[in-house]
Structures are given as C-alpha cells and as structure tokens.
Amino acid sequence: MEVIHKIGRRKTAVARVYVTPGTGNITVNKKAFETYFPTPTLQYKVKQPFALTETVDAYDVNVNVYGGGATGQAEAVRLAISRVLCEIDAENRLALKPEGLLTRDPRMVERKKFGQKKARKKFQFSKR
C-alpha cells in the first residue's frame, strides 16, 4: 500500500489527509497532533475513526488543513480519515457508517441579509 489521499470538509474547513502504513504518527500542518489540537475533545474527534475500526497505531497520517475554526478543522480531518479507512478496507464502512462519520455535515453559516443586523436578527423597532 502506498500513500492514500482523501479530502474532508466541514463548514469552511478543508482537510487533505495522506495516510501510509506506520506506527500511529499524526502530523497536522507540520506540527505535532497534540500541539495543533490541544483539547482532549478535538483529539478524540480526530482519533475516533481509528478507535472504531481498531487500527489505532497502524497508520501514519499527514494532514494539511486550512479554513474554519478548530472544531470545523477537527471534524474535516475526521471525515477524511474515515474515507481513507473505507478505501483501505471495505469492512471498516460497517463500523463507521452507523456513527455518522462518513456523512459530510452540510450545515453552513447563514448569510447576513441586507437591511438586517445579522442573518435573522432585525433592527429593534421603537414606536414613540
């Protein structure tokens, strides 16, 4: 198996993931995984596909991610890793699909409308 490349997206974050057989090293934007995603919640989100497929230390992952915030980036990486694991072994799909890890979350920020304060919020009307 050579390098497998997949893309994951969430909100405005885009993650390009390159997976090779290895010892479980995860590098995000040329930084250590733990320094780029410092909170345990984000680290769990990124490692979730490996935990569900029981391949925790089987692959080295190199990630390029940009756009969005920390949570969006972590979920984009999770989607890309899930797609890679499905390409490696079709049996992994049975573990990942019920957890919703193969579904691209379509929710995006609603645009601000002209003549309003925000997307839904209106200016306050006072009758004097």
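**Core and outline of a predicted model**

Q: Which residues have the most contacts inside the largest nonpolar core?
A: This is a predicted model. Its largest nonpolar core holds 27 residues. The ones with the most contacts inside that core are Val 61, Val 63 and Ile 81.

Q: Which element supplies the largest share of this core?
A: Strands E2 (13–21), E3 (26–28) and E5 (59–66) each give at least two core residues. The largest share is eight residues, and it comes from H3.

Q: Which residues does Ile 81 touch, leaving out those up to four places away in sequence?
A: Contact here means heavy atoms within 4.5 Å. With those sequence neighbours set aside, Ile 81 touches Val 17, Val 46, Pro 49, Phe 50 and Val 61.

Q: In what order do the elements of the chain run?
A: The chain has four helices and five strands. Read from the N terminus, the order is β-β-β-β-α-α-β-α-α.

Q: Why is the chain described as more spread out than a compact globule?
A: For 128 residues the globule rule gives 14 Å. The chain is well over that, so it counts as more spread out, with a radius of gyration of 18 Å. Along its principal axes, the C-alpha trace spans about 70 × 30 × 25 Å.

Q: How far apart do the centres of the positive and negative side chains lie?
A: The chain carries 25 positive side chains and 12 negative ones.

Methods. Residues numbered from 1 in each chain as written. Predicted model: local features only at pLDDT ≥ 70, side-chain atom pairs only at ≥ 80, totals over all residues. Heavy atoms only, no water. Rg over C-alpha atoms; globule rule 2.2 N^0.38 Å. Lys, Arg positive; Asp, Glu negative; His and termini not counted. Charge placed at Lys NZ, Arg CZ, Asp CG, Glu CD. Core = buried A, V, L, I, M, F, W, Y, C linked by side-chain atoms within 4.5 Å. Buried < 20%, exposed > 50% of the residue type's maximum accessible area, 1.4 Å probe, protein only.
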